[in-house]
Amino acid sequence: EPIMKPIRIVLALGAAALFLGGLAAPAFAADTGSQVTASAGVTSGDRTATLGGDIAFTAVDASHSDVTANAQSTTIGANDLSASYAGWNVTVVASALDGSGGIALARSGVIAAANLSVASYGALTSNTGVTPTGVTTGTTTGVSTGTPSSIGTPAILLSAAPASGVGDYTQAFDLGLVVPADSPAGDYSGTLTVTIAPPV
């Protein structure tokens with residue numbers, strides 16, 4: 001009758017158990033996530049320049065010499081919503097003042113555009129207080145007035161350097177008029193045209 005040797009079975013099973021146990025450890029994948037893209041747009045708006053309204057000079061007496069009329073105070077408003085940060089210039093130009101009502105037929109009733117001028121500047125204020133990132137803090141940083149001059153040809157009233165002027169500004173100024181000697185009696189009228197555009 002064969003002799004049983006159970007000890008070998010026990011050892012063999014023990015070795016098998018150890019081997020199988022080593023293979024049974026599961027391998028886990030690394031944690032992963034996902035990304036999505038968020039997008040937005042900013043639509044460019046308008047730049048606008050607006051004069052404070054019609055301007056009426058006080059009548060002057062007829063004279064054989066040039067007469068300087070009393071200067072009239074007004075304002076120019078500049079609002080930049082273009083979001084371009086390009087800066088801008090506000091310019092103004094006058095037309096001739098044409099006469100009507102009692103103008104003598106023997107003499108042309110016209111006051112030349114060159115007789116109108118920006119006589120002086122008043123306060124410059126920011127209506128929004130907007131200061132773009134990276135620009136030195138200050139309500140009017142980078143925005144400056146022009147110089148007093150005739151406006152018979154386009155003249156700069158107000159300007160903003162690049163990276164400045166993103167906001168809403170008001171500039172006070174006085175409009176001057178010289179009435180030429182021996183101008184015919186009557187009423188005179190013309191136009192002021194303002195524009196706003198990036199520096200050339």
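Reader: In which accessibility class does A71 count at 41% relative accessibility?
Author: Buried means under 20% relative accessible area, exposed over 50%, and partly exposed in between (1.4 Å probe, protein chains only). A71 has 41% relative accessibility, so the residue counts as partly exposed.

Reader: What kind of model is this, and how are residues and atoms treated?
Author: Residues are numbered from 1 along each chain as its sequence is written, and side-chain values use heavy atoms, with hydrogens and water left out. Local features need pLDDT of at least 70, side-chain atom pairs count only at pLDDT 80 or more, totals for chains, interfaces and linings use all residues, and the model itself is predicted.

Reader: Where in the chain is A71 placed?
Author: Helices (H or I, at least four residues) and strands (E, at least two) are DSSP runs, numbered from the N terminus. On that numbering, A71 sits in the loop between β2 (67-68) and β3.

Reader: What separates the C-alpha atoms of A71 and L175?
Author: A71 and L175 are 104 residues apart along the chain. Their C-alpha atoms are separated by 5.4 Å.

Reader: What share of the 200 residues is buried?
Author: The count runs over the 200 residues in the protein. Buried residues make up 26%.

Reader: How many aromatic pairs does the structure hold?
Author: Rings of Phe, Tyr and Trp (its six-membered ring) pair if their centres lie within 6.5 Å; planes under 30 degrees apart count as stacked, over 60 as edge-to-face and the rest as tilted. On that basis, the number of aromatic pairs is 1.

Reader: Which class does the W88 and Y169 pair fall in?
Author: The centres are 6.3 Å apart, with 55° between the planes. W88 lies in strand β4 and Y169 in strand β11, 81 residues apart, and the pair links distant parts of the chain. W88 and Y169 are both buried. The aromatic pair is tilted.

Reader: Which residue in β12 is the bridge partner of D98?
Author: β5 (residues 97-100) is joined to β6 by 2 bridges, and L97 stands opposite I111 in β6. β5 and β12 also pair in the antiparallel sense, over 3 bridges. There, the partner of D98 is S189.

Reader: What is the volume of the largest pocket?
Author: On a 1 Å grid over the protein atoms alone, a cavity is a set of points where a 1.4 Å probe fits but cannot get out, and a pocket is an open set with protein on both sides within 12 Å along at least five of seven lines; lining residues have an atom within 4 Å of a point. Grid points are joined across faces, edges and corners, and a volume is the space filled by probe spheres set on the points. For the largest pocket, this comes to about 680 Å³.

Reader: Which elements give two or more residues to the lining of the largest pocket?
Author: Of the 34 lining residues, the closest to the centre are F57, L97, L177, Y188 and S189. Two or more lining residues come from each of β11 and β12.

Reader: What is the phi of A83?
Author: A83 is found in the loop between β3 (72-80) and β4 (88-94). A83 is partly exposed at 43% relative accessibility. Phi is positive in this residue other than glycine, near 60°.

Technical notes: Two strands pair if DSSP finds at least two bridges between them.
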